[in-house]
Amino acid sequence: GGILPVHVIGAYISGRASTAVGGIEYGAMLGNGPRITSKDGTNILNPNNISDNNNGKAIALNIAVSPTVIQGLKIGLSGHVAEVKDDGAVDIDVDNADGDNDLTTGVEAGSGDVEVDQTILGAAIAYAIANVEITGEYFSIKDKDAVEDKDYTSSAYYGLITYSHKEKWVPYLMYENMSIKEADPYFVALGTVDTTELTAGLRYNINYRSSLKGEYRSIIDEG
């Protein structure tokens, strides 16, 4: 599920090093790229657990630095390259070429093709001081449509602030935004539109393995 590949089937190597600048963590991955498939009438992103449905493998790199001069700060960069195709049985809005993101018209099983060369670049930051932690991530998603020979670039980001009281009570506030390029076949197939959300919540940590959480989510803008 989701709009970004999270679970990858393949090989991953990672390491860490201490330098004069600070601690450095790094990793590299080679594995199956995701595919778009249909489940219970909804198109979703599938990690291709058994085998890849194309000849291109996904490649991902990441690096993060915790600078010595600023305690509690961590900055990271990442990249993910993959070929993404549908499995030939998804519902695609063939009338969405005008970018209206209206998924209720022109939907036919297996109509249209999703075949994109996808490049995702990400940046992340986390800063913890006393009981407060601030984190944020930004992603640029570039899809090159191999069918129509067009390029689309979308973005997504979030910011999160948490406060920990006696390591038990953790109130938090999160702001999320997705800005989707119109007519991108990848996002059209997944039914993704421009969205801005604000979430406020409270988590109670029962122990290190279990917690209870309640939250309120408001969709500020969706279109």
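# Contacts, charge pairs and ring pairs in a predicted model

Q: Which residues does Ile36 touch, not counting residues up to four places away in sequence?
A: Ile36 touches Asn43, Ile44, Leu45, Val84, Lys85, Asp86, Asp87, Val90, Val114, Tyr186, Ala189 and Leu190. A contact here requires heavy atoms within 4.5 Å.

Q: On what basis is this predicted model read?
A: The model is predicted, with local features needing pLDDT of at least 70 and side-chain atom pairs counting only at pLDDT 80 or more, while totals for chains, interfaces and linings use all residues. Residues are numbered from 1 along each chain as its sequence is written, and side-chain values use heavy atoms, with hydrogens and water left out.

Q: What is the mean pLDDT of the protein, and where is the pLDDT below 50?
A: The mean is 87, and 88% of the residues reach 70 or more. Residues 96–111 have a pLDDT below 50, although this stretch has 37 contacts in the model beyond near neighbours in sequence. The pLDDT expresses the predictor's confidence in each residue on a scale from 0 to 100. Where it is low, the predicted coordinates should not be read in detail.

Q: What makes the pairing of Glu25 and Lys74 a salt bridge?
A: The closest N and O atoms of Glu25 and Lys74 are 3.1 Å apart. The pair links distant parts of the chain, with Glu25 in strand 2 (residues 22–32) and Lys74 in strand 6 (residues 73–86), 49 residues apart. A salt bridge requires a side-chain nitrogen of Lys or Arg within 4 Å of a carboxyl oxygen of Asp or Glu, so the 3.1 Å separation qualifies. Strands are DSSP runs of E with at least two residues, and helices are runs of H or I with at least four, numbered from the N terminus. A search of the whole structure finds five salt bridges.

Q: Why are Glu25 and Lys74 called partly exposed?
A: Glu25 has 29% relative accessibility and Lys74 has 32%. Buried means under 20% relative accessible area and exposed over 50%, with partly exposed in between (1.4 Å probe, protein chains only). Both residues are therefore partly exposed.

Q: Why is the pair of Tyr138 and Tyr157 called stacked?
A: The structure holds four aromatic pairs. In the pair of Tyr138 and Tyr157, the ring centres are 6.5 Å apart and the planes lie at 25°, so the pair is stacked. Tyr138 lies in strand 10 (residues 132–145) and Tyr157 in strand 11 (residues 150–163), so the pair ties together parts that are 19 residues apart in sequence. Rings of Phe, Tyr and Trp (its six-membered ring) pair if their centres lie within 6.5 Å, with planes under 30 degrees apart counting as stacked, over 60 as edge-to-face and the rest as tilted. Tyr138, at 40%, is partly exposed, as is Tyr157, at 32%.

Q: What makes the pair of Tyr186 and Phe187 edge-to-face?
A: The distance from centre to centre is 5.0 Å and the angle between the planes is 85°, so the pair falls in the edge-to-face class. Tyr186 is buried at 0%, and Phe187 is buried at 1%.

Q: Which residues have the most contacts inside the largest nonpolar core?
A: Leu4, Ile36, Ile141, Tyr186 and Phe187 have the most contacts inside this core of 16 residues. Strand 9 (115–129), strand 10 and helix 1 (185–190) each supply at least two of its residues. Helix 1 gives the most, with four residues. A nonpolar core comprises buried Ala, Val, Leu, Ile, Met, Phe, Trp, Tyr and Cys residues joined through side-chain atoms within 4.5 Å.

Q: Why is Arg16 called exposed?
A: Arg16 has 67% relative accessibility, so the residue counts as exposed. Arg16 is placed in strand 1 (residues 10–18), and touches Ile24, Glu25 and Tyr26, not counting residues up to four places away in sequence.
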